[in-house]
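Welcome! Here is a short briefing on a helix pair and a cavity. Have a look at the structure first.

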Amino acid sequence: MVAIYYVMIVNILYFTITGLSFRNIFKIYRRSKYSSYNTLSGSELVPSVSLLVPAYNEELTIIENVYCLMTLNYPTYEVIVINDGSSDHTLSVLIKEFKLVKMVNPEIRGTIDTNNVRGIYHNPDYPQLFIIDKENGGKADSLNAGINFSHYPLISSIDADSLLEKDALIRMARMYMENPEEMVAIGGDVRIANGCLIENGAVQKVSLPRKIWPMFQSIEYLKAFLGGRIGWSHINGLVIVSGAFGLFRKDYVIAVGGYRGGYPGEDMNIIIKLHRYMLSHKLPYKVAFCPEAVCWTQAPDSYKIISNQRMRWGRGNLKNMIENRGMLFNPKYKVMGMITMPYNVLFETLNPYFRITGLLALLGYTLLDMTHWRILLTFFLLNFLSGYLLSVGAIILEEIAFRRFKKLSDLWKMLLFSALKFVGYHQLGVIWRVQGHIQYLRKNNSWGAMTRQSWKEESEPA
Amino acid sequence: MFSHLTVAYTFIYVCLGLIALGIILLIQMKVSHNKEQQRREMYERKHHDYFMYIQAHVENEGALRLPPGKLKPLERRVIQDKFMEWIEQFKGECRDRLIQMCRDAGFVEADLKALGSFRYGRRLEAAYRLGGMRAEEAVPALLKMLQEGKYSSMSIIIARSIAKSARKSEDVLEMLRSLLSHGKPIHHLAADIMLETGLDAGSLLMKLLDDQDPALIKVGLVAMWGQAVPEVMPVLGRLVGSEEKDVRAEAVKLYLSSNPALKDETIVQLMNDRNWEVRAAAAKALGPLHAAGSIPLLVKALQDANWKVRHNSAESLAKLGEAGFEALCQAALSGAGIQREAALQRIELEMEKEQEHSAIEQMVAYNKKRLIHDRYFGVKRQPVARVTGVAAVGGDYTA
């Protein structure tokens with residue numbers, strides 16, 4: 001029965017967070033619909049932002065992404081691509097496309113330790129574009145190199161495989177300007193671009209993915225971002241701002257020592273460090289989520305890549321929880337210490353073990369006495385229905401505030417895949433997380449395979 | 001065991017019920033949203049000729065015709081949206097005529113009524129629309145709505161509507177006062193909202209700068225960036241001596257950006273100010289002023305703890321002719337640490353300008369700098385060796 005109660009308690013918590021998301025969704029809808037962006041996006045009063053784009057072997061997508069980033073509706077910003085020792089032609093395609101030349105004695109003002117920077121490339125015809133070429137050191141190391149070189153007080157980390165909507169940055173900046181003293185980090189909404197029509201570095205027509213793996217991830221992201229992060233943001237308990245798209249106050253990122261290198265999960269780590277720093281120094285602060293600022297990303301579409309990604313996430317999560325175990329149930333850290341961290345340890349990090357042991361116990365119990373098959377069935381139904389209800393909730397949130405998927409057939413497809421997710425995909429997620437933990441114990445610290453395909457190929461009809 | 005299972009069954013039934021409800025709600029929402037979208041498109045097509053008529057006659061004298069026939073609520077909304085879009089785009093008489101059209105068609109009246117609605121969503125939507133239609137009669141109600149609400153993104157939407165609709169500067173000031181009463185340092189956003197007003201910006205800025213409230217003065221100072229308002233210069237001169245640290249820094253930056261004549265003791269005072277923003281602004285101003293006497297001060301400022309001050313000092317030295325550039329070369333060769341770094345970077349930038357000169361005078365000036373450079377660093381043009389790690393000393397991120 002413990003397993004059944006565990007499932008019920010964890011789902012009641014999920015429901016509470018989703019409930020908070022529902023509480024906020026109308027406010028989000030209104031601010032997204034009635035806020036004025038046309039004046040702001042041409043205003044000198046908007047803070048300047050340095051976009052940091054770490055790139056490792058991104059030769060297929062990088063040019064389109066840089067063009068996308070250089071044409072945002074934003075008054076003053078710079079794009080800093082950090083080539084993290086790519087073994088492909090990422091650097092040379094950039095140099096060729098933008099006719100870049102190596103800067104002589106470039107000015108690097110920052111002090112965060114990074115791997116050796118081999119050079120910085122620039123072309124005065126594209127004054128807001130800089131390419132940092134450095135020795136391979138990982139994503140965190142690249143972001144730190146970008147911070148050291150950046151010129152503006154706000155930084156935004158963006159994955160090189162992601163496309164920002166033209167208004168995404170100004171929407172985040174509006175949120176920042178409404179509370180500039182307290183806002184230390186703002187996360188954007190990450191959506192799956194597979195299946196969408198992409199032209200000139202922008203998503204022109206939104207469609208659901210055609211392949212099965214990205215489709216599952218599409219539902220998963222909707223659930224995590226709309227169902228989860230809006231609620232967590234409401235109680236200032238966000239534990240992560242997605243590495244794919246986030247905005248940060250540079251002074252505080254530097255105050256916490258920049259990104260932690262040498263291990264995945266740097267996006268969660270920086271947010272935990274920011275919480276810890278602000279709470280330790282008794283400074284008022286907010287880590288917020290801005291769902292109307294959208295970034296489209298390429299989701300892995302093969303088993304190998306998605307399993308690698310999920311194992312990496314599992315490893316990163318475990319590492320972060322172990323590193324910050326001192327915050328657990330520590331009243332000094334308020335919502336983070338009393339709710340977010342315990343929730344993450346009990347219901348995210350350790351979730352697979354509770355579920356697996358519960359399931360094994362139930363199976364054993366049922367095998368011993370077949371008359372108890374009802375309990376097993378109840379356990380499965382509980383898991384499935386509560387999870388499905390959360391997915392339905394996330395789709396309702398999407399329909400209330402954003403309505404990106406217009407067709408009725410899209411709705412059916414989302415409802416169908418929300419159910420199918422529990423037959424195989426969900427279980428694989430549990431296994432991948434356990435495998436990630438094993439990798440952690442074996443001190444396997446690699447990023448894993450992550451191949452890209454060109455945006456052009458992606459948007460071609462199947 | 002039975003009671004445990006009963007709890008689980010109840011949980012399952014509740015989930016099932018909620019799922020069924022959720023799916024029904026989803027389908028209902030999707031169908032109604034799609035239907036509304038289709039009807040909107042249909043009405044846009046239906047009134048295409050009317051929209052063409054308005055666009056063709058909006059610049060002509062005389063009243064414009066109202067939309068023809070009896071309109072359905074959504075149809076009215078489609079026309080109102082189009083009018084609001086044009087009000088944003090047009091200026092002057094065209095805009096006034098469209099605003100009058102909104103009144104004549106009853107759009108303003110309907111939204112004024114909606115401001116009293118029980119539902120907050122309707123009230124906010126009405127506030128947004130009234131701002132879009134520049135409805136001055138809505139300002140008192142909007143001000144009340146702003147003052148009664150808690151500070152949030154919604155306050156910003158209401159404040160923008162007030163700024164757009166107000167015809168009296170007192171209303172804009174009242175709106176700013178209310179917005180800033182929550183103690184948030186939102187001066188940049190408040191200035192952006194204020195600049196949406198159709199009122200004369202010059203007199204509004206004067207009122208802001210003359211206000212007793214430092215927060216309002218800051219909004220005025222921030223809003224002045226990029227605005228040429230000569231009549232505020234005397235007020236700025238007074239604010240330079242303000243006791244409020246932020247106000248003083250902003251005032252000094254603005255004052256110096258207008259290239260005023262400065263006395264020697266003022267220059268010394270500003271370059272030694274405790275606030276880095278003031279020092280940086282002073283360093284930046286000295287170059288265009290061609291104040292060759294300030295070279296020693298600028299050379300000293302190359303060692304300032306703040307990057308921006310060092311950067312601006314080097315930039316100004318490069319603008320102070322041969323003497324300034326020579327001082328820069330000396331600092332690069334004999335100086336150390338951050339001073340050397342700042343000087344070297346500026347020298348590199350100046351030497352890179354070689355390709356850009358077309359005018360004879362510029363070429364002569366460049367060649368003189370080139371000669372000075374070669375005297376210090378040798379004839380062969382090659383990058384000056386960088387002392388790696390030096391930039392780390394005193395590095396900061398205050399862009």
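In this predicted model, the axes of helix α15 (residues 264-271) and helix α16 (residues 276-286), both of chain B, come within 8 Å and cross at roughly 135°.

- From α15(B), the contact is made by B:I267, B:L270 and B:M271.
- From α16(B), B:V278, B:R279, B:A282, B:A283 and B:L286 take part; contact means heavy atoms within 4.5 Å.
- These contact residues divide into seven nonpolar, no polar and one charged.

**The largest cavity**
- A cavity is a set of points on a 1 Å grid where a 1.4 Å probe fits but cannot get out, and its lining residues have an atom within 4 Å of a point.
- Five cavities of 30 Å³ or more are counted, and the largest has a volume of about 90 Å³.
- In chain A, β8 (183-192) and α6 (212-234) each supply at least two residues of the lining of the largest cavity.
- The most comes from α6(A), with five residues.
- Among the lining residues of the largest cavity are A:D189, A:R191, A:F405 and A:M414.
- The lining divides into eight nonpolar, one polar and two charged residues.

**How to read the names and values**
- Residues are numbered from 1 along each chain as its sequence is written, and chains are lettered from A in the order in which they are written.
- Local features need pLDDT of at least 70, and side-chain atom pairs count only at pLDDT 80 or more, while totals for chains, interfaces and linings use all residues; side-chain values use heavy atoms, leaving out hydrogens and water.

Terms used. 1 Å grid on protein atoms, 1.4 Å probe; cavity = no way out; pocket = protein on both sides within 12 Å on 5 of 7 lines; lining within 4 Å. Points joined across faces, edges and corners; volume = space filled by probe spheres on them. Helix = DSSP H or I, 4+ residues; strand = E, 2+ residues; numbered from the N terminus. Nonpolar A, V, L, I, M, F, W, Y, C, P; charged D, E, K, R; others polar. Axes fitted to C-alpha atoms, helices over the stretch in contact; angles between N-to-C directions.
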